[in-house]
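I opened the notebook to look up sheets, salt bridges and ring contacts. The entries follow in the order I took them.

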Amino acid sequence: MEFKEETEFNNETKMEFNKGTKIIGYSDNTEIMEEKEMFVGKMTGHTDYAWCISYSPDGKHVAFLDHPDPGDTRGFVSVLNLEGKKTVLTSQWGDERTLAWSSDGSEIWFSASHSGSAEALWAVTLSGKLRSLESAPGSLLIYDVSGNGRSLVSREGVRVELSALAPGAKTESDLSWFDYSYLGDLSRDGKTILFSEQASGGGPLYTTYLRKTDGSPAVRLGDGAGIALSPDGRWALALLPKVPTELELLPTGAGEPRVIPMGDIVPQFVKSGWLPDGSAVVTGGVEKGHAARLYLLYPDSGKVRPIT
């Protein structure tokens with residue numbers, strides 16, 4: 001197996017191998033337009049998603065941000081060698097965005113944070129030795145390193161806000177809570193939103209909230225990223241970003257959270273929804289030997305079956 005020159009088209013990166021060409025990932029981290037089973041997954045027996053693919057200066061390794069879920073920026077820094085062997089160099093980061101090789105190829109420099117979206121600059125060697133490079137208010141994103149060691153870095157601040165035009169209201173209301181209020185669902189009567197805080201204000205596992213669109217204070221339901229309200233409003237479906245990801249039910253009133261068993265299926269950060277009668281949930285997931293697909297999940301019985 002040999003690596004050849006990198007080619008760019010439609011935001012995808014291709015690698016040519018002895019027997020044809022396979023897409024292995026995306027050349028930037030702006031947006032995934034279509035879910036694909038990446039070559040990395042085929043080599044390791046799992047479905048992984050490679051972002052920010054970068055060739056080492058000597059052409060012997062490919063570094064990438066290794067994201068188990070295409071809808072979330074959590075992940076690891078990994079490399080592939082010429083034999084296609086994948087090595088994970090770091091533990092999981094809560095958020096990782098960009099990477100580049102050092103000028104001498106001895107380290108991979110990358111932007112990441114343990115929790116929240118305020119990324120700092122880090123460096124890791126091929127043996128997994130980690131060191132801090134630089135930090136600053138906001139996020140530091142690295143894009144390239146020149147042959148003389150000068151790096152191209154940007155600093156940015158990101159805030160995600162929520163606003164709504166409540167039933168009967170004439171003007172929109174700001175329903176944001178902390179620094180990254182991400183909408184999960186809206187109740188059928190338009191009076192309640194389900195959302196999650198997915199940056200510094202949400203903690204390492206994110207936090208799910210319920211809030212009335214009249215502007216009354218948000219109510220914390222529990223950890224995770226809330227994605228769907230049950231038709232009767234009694235339960236909120238949420239993704240818990242552990243390793244592997246878990247799907248859970250959070251009560252909107254009295255009760256205890258319940259993790260929904262899915263066997264060997266790993267749920268993904270994609271939009272999910274309840275059937276109109278509330279008996280089952282349609283959600284995305286991945287299991288070994290299959291690409292990402294949709295499943296019908298029955299929370300009460302624990303039964304799961306693929307529908308795509």
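The model is predicted, so I noted the limits: local features need pLDDT of at least 70, side-chain atom pairs count only at pLDDT 80 or more, and totals for chains, interfaces and linings use all residues. Residues are numbered from 1 along each chain as its sequence is written, and side-chain values use heavy atoms, with hydrogens and water left out.

**Entry: first sheet**

I took strands as DSSP runs (E, at least two residues), numbered from the N terminus, with helices as H or I runs of at least four residues. Two strands pair if DSSP finds at least two bridges between them. For angles, axes are lines fitted to C-alpha atoms (for helices over the stretch in contact), and angles run from 0 to 180 degrees between N-to-C directions.

I then went to one strand pair. Six bridges join β8 to strand β9 (residues 107-113), in the antiparallel sense. Which residue is the bridge partner of Leu-99 in β9? I found Phe-110.

I found another open sheet of four strands, ordered β16-β17-β18-β19 and paired antiparallel. Its edge strands are β16 (181-186) and β19 (219-223), and each pairs on one side only. The twist averages 30° from one strand to the next. β16 and β17 run antiparallel and are joined by five bridges. I checked Tyr-182 and found it opposite Ser-196 in β17.

**Entry: salt bridges**

I counted a salt bridge when a side-chain nitrogen of Lys or Arg is within 4 Å of a carboxyl oxygen of Asp or Glu. How many salt bridges does a search of the whole structure find? I got seven.

I looked at Asp-66 and Lys-86. Their closest N and O atoms are 2.7 Å apart. Asp-66 is in strand β5 (residues 61-67) and Lys-86 in strand β7, so the pair ties together parts 20 residues apart in sequence. Asp-66 is buried, with a relative accessible area of 2%.

I went on to Arg-97 and Glu-119, which form a salt bridge with the closest N and O atoms 3.3 Å apart. Arg-97 lies in strand β8 and Glu-119 in the loop between β9 and β10, so this pair ties together parts 22 residues apart in sequence. Both Arg-97 and Glu-119 are buried. I also traced a salt-bridge network that links Arg-97, Glu-119 and Glu-156.

I took Arg-131 and Glu-107 next; the closest N and O atoms of this salt bridge are 2.7 Å apart. Arg-131 is in strand β11 and Glu-107 in strand β9, so the pair ties together parts 24 residues apart in sequence. Is Glu-107 buried or exposed? Glu-107 is buried, with a relative accessible area of 11%. Arg-131 is partly exposed, at 39%.

**Entry: aromatic pairs**

I paired rings of Phe, Tyr and Trp (its six-membered ring) if their centres lie within 6.5 Å; planes under 30 degrees apart count as stacked, over 60 as edge-to-face and the rest as tilted. I found six aromatic pairs in the structure.

The ring centres of Trp-93 and Trp-122 are 5.1 Å apart and the planes are at 50°, so the pair is tilted. Trp-93 is in the loop between β7 (86-88) and β8 (95-101) and Trp-122 in strand β10 (residues 120-125), so the pair ties together parts 29 residues apart in sequence. Trp-93 and Trp-122 are both buried.

I looked up Phe-195 and Tyr-209 next: their ring centres are 5.4 Å apart and the planes are at 15°, so the pair is stacked. Phe-195 is in strand β17 (residues 192-197) and Tyr-209 in strand β18 (residues 207-212), 14 residues apart. Phe-195 and Tyr-209 are both buried. I noted that ring pairs link Trp-177, Phe-178, Phe-195 and Tyr-209 into a cluster.

Key:
Buried means under 20% relative accessible area, exposed over 50%, partly exposed in between (1.4 Å probe, protein chains only).
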